[in-house]
Amino acid sequence: MISVEEALGILLSNLPERRIEQVPFRSALGRVLAEAIVATSDIPPFRRSAVDGYAVHASDVRNAPVELVLAGESRAGGGMPGRLGTGETLSIMTGAPVPEGADAVQMVELCKPAAAGGKIVITQPVRAHDNIAPRGSESREGETVLESGHRIGPAEIAAMATFGYSRAAVYRKPSVAIFATGDELVEFDQVPRPDQIRNSNAYCLASQLQLMGLEADYLGIVRDDKEALRQTMRAGLERDVLIITGGVSMGTYDLVQDVFQDLGLEILFSKVAIKPGKPTVFARRGNNLIFGLPGNPISALITFECFVRPVLGRLCGMAHPELPRMKGELLADMKQSPGRTAFLPAWVTWEDDGWKVDPLLWKSSADIIGFTRANATFIFPKNRDFLGKGEIVELMLLPDFFVRQR
Ligand code: AMP
Ligand code: MG
């Protein structure tokens, strides 16, 4: 059985080439740039006032308070002001061009009208360059402001608007299909017979994809039947990535791997030393990647985050799509049988002296209801059988960690 790290190595060495598409910049949130964004102009494009106030020659106000002749006004969007003469000042607004000749702006709070009309008292000196953003001080025309590989958030959208990029090249999102398999499964809108349960995994996985900005075609519930599995798998192989949940364990009716072989898929691993999620299968056919995730709901959720996310995130252009890791202090003693790296649910909170990890009481890898109380998992190393209260453990945060409430 391979380790979690070995499984990741296999996944990353089987990534198909990423594809690129052009999207309108307003639809690019969450995407990853496949080209550099280059400044098409200097920003600011002119010497810009950072405050509302009066443009001056710093040397004229060295011995402030002084009175200067009010020579006019420079307002944002109101044209380029003329040159400022010695002994003059100009009323100026935030974001407006500073007139040639002026080398500082005194803020309006330190200025007042003089008793004599047409003059302004500058009450305090101001140093040369104060409150002026020089032309090009934020970015220079021709300079690369965003590298290819940069993920687009709100500030990047602003950068593209700033430089007039109406479209940008980004990595294409992989197409994904999901199906669930198991004779016991019915849909959420059905009343299960006494021996049946509702399919929850397909919807859980679809929402995990949604948190990554991805959508999936849902191909429904497939019976534990080779012909039915073959048919739906063929349909799923039309997509870049197929995610199957259920039917990968050792039972008589776990037929997914047999059908992988029938369809000529190359099985790259079929068991990982992870808890929960040991029976996870990864296969490929050309550029198509296929994941067989276990049917137990927490196993499916965890193996998606550990194995599917790193692949899909990279196809989307991310260099580091893994869930964030950090460390925290365990609040209770924990035991386990060693041999597999365990990802165990916890509620993690910030206290004055660090992150605290409250392990969840959960019943098994089937207990998705218990898992609704978790915002993170802590990692129980595979060579340990005991972790003591107060020990510092590694955490893998759930994707919505920072917004979870309970
Ligand atoms: P399997 O991996 O098919 O052996 O299933 C393991 C366990 O997960 C069984 O108890 C199944 O009933 C349950 N299970 C399988 N698929 C799903 C699903 N889509 N939603 C909820 N539970 C499931
Ligand atoms: Mg099954």
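Gln-336 is buried in this predicted model, with a relative accessible area of 11%; buried here means under 20% relative accessible area, exposed means over 50%, and partly exposed lies in between, with a 1.4 Å probe and protein chains only. The model is a predicted one, in which local features need pLDDT of at least 70 and side-chain atom pairs count only at pLDDT 80 or more, while totals for chains, interfaces and linings use all residues. Residues are numbered from 1 along each chain as its sequence is written, chains are lettered from A and ligands numbered from 1 in the order in which they are written, and side-chain values use heavy atoms, with hydrogens and water left out.

Gln-336 is found in the loop between strand 23 (334-335) and strand 24 (341-351). Helices (H or I, at least four residues) and strands (E, at least two) are DSSP runs, numbered from the N terminus. The side chain of Gln-336 makes a polar contact of 3.2 Å with the side chain of Lys-275. A polar contact is a pair of N or O atoms within 3.5 Å; within protein, one must be able to donate a hydrogen and the other to accept it, and residues adjacent in sequence count only if both atoms are side-chain atoms. Lys-275 is also joined to Pro-276 by a cis peptide bond, with omega about -5°. Pro-276 sits in the loop between strand 19 (274-275) and strand 20 (281-285).

Another cis peptide bond links Ile-43 to Pro-44, and its omega is about -10°. Pro-44 belongs to the loop between strand 2 (37-38) and strand 3 (48-49). For context, most residues other than glycine have a negative phi, and most peptide bonds are trans. The loop between strand 9 (119-122) and strand 10 (132-133) holds His-129, and Asn-131 lies in the loop between strand 9 and strand 10 as well. Phi of His-129 is positive, near 80°, and that of Asn-131 is positive at about 65°, although Asn-131 is not a glycine. His-129 is exposed at a relative accessible area of 64%, whereas Asn-131 is partly exposed at 24%.

Turning to the strands, six of them form an open sheet in the order 7-4-6-5-9-8, with mixed pairing. Strand 7 (104-107) and strand 8 (111-113) are the edge strands, each with a single partner, so one side of each has no neighbour in the sheet. From one strand to the next, the twist averages 40°; axes are lines fitted to C-alpha atoms, for helices over the stretch in contact, and angles run from 0 to 180 degrees between N-to-C directions. Within this sheet order, strand 4 (residues 53-56) and strand 6 (residues 88-92) are antiparallel partners joined by three bridges, where two strands count as paired if DSSP finds at least two bridges between them. Gly-53 is placed opposite Ile-92 of strand 6.

Strand 1 (residues 20-24) runs antiparallel to strand 12, with five bridges between them. Glu-21 has Val-170 of strand 12 as its bridge partner. Four of the five residues of strand 12 (residues 167-171) are buried, so this strand is largely enclosed by the rest of the structure.

Ala-159, in helix 2 (residues 154-162), is buried with a relative accessible area of 17%. Thr-303, in helix 6 (residues 297-315), is buried at 0% relative accessible area. A polar atom of the Thr-303 side chain lies 2.7 Å from the backbone oxygen of Ser-299, and the Thr-303 side chain also reaches the backbone oxygen of Ala-300 at 3.3 Å.

Finally, there is the ligand. Ligand 1 is surrounded by 16 residues, of which the closest are Glu-184, Asn-199, Ser-200, Gly-247 and Gly-295; a residue is near a molecule or strand if one of its heavy atoms lies within 4 Å of it. This shell divides into five nonpolar, eight polar and three charged residues. Here Ala, Val, Leu, Ile, Met, Phe, Trp, Tyr, Cys and Pro count as nonpolar, Asp, Glu, Lys and Arg as charged, and the others, Gly among them, as polar. An N or O atom in the side chain of Asn-199 is 2.9 Å from a nitrogen atom of ligand 1. On the backbone side, a polar atom of Gly-295 lies 2.9 Å from an oxygen atom of ligand 1, and an N or O atom of the Asn-296 backbone is 3.2 Å from an oxygen atom of ligand 1. Ligand 1 exposes 480 Å² when taken alone, and the protein buries 79% of that; accessible areas come from the Shrake-Rupley method with a 1.4 Å probe, and for residues only the protein chains shown count as cover.
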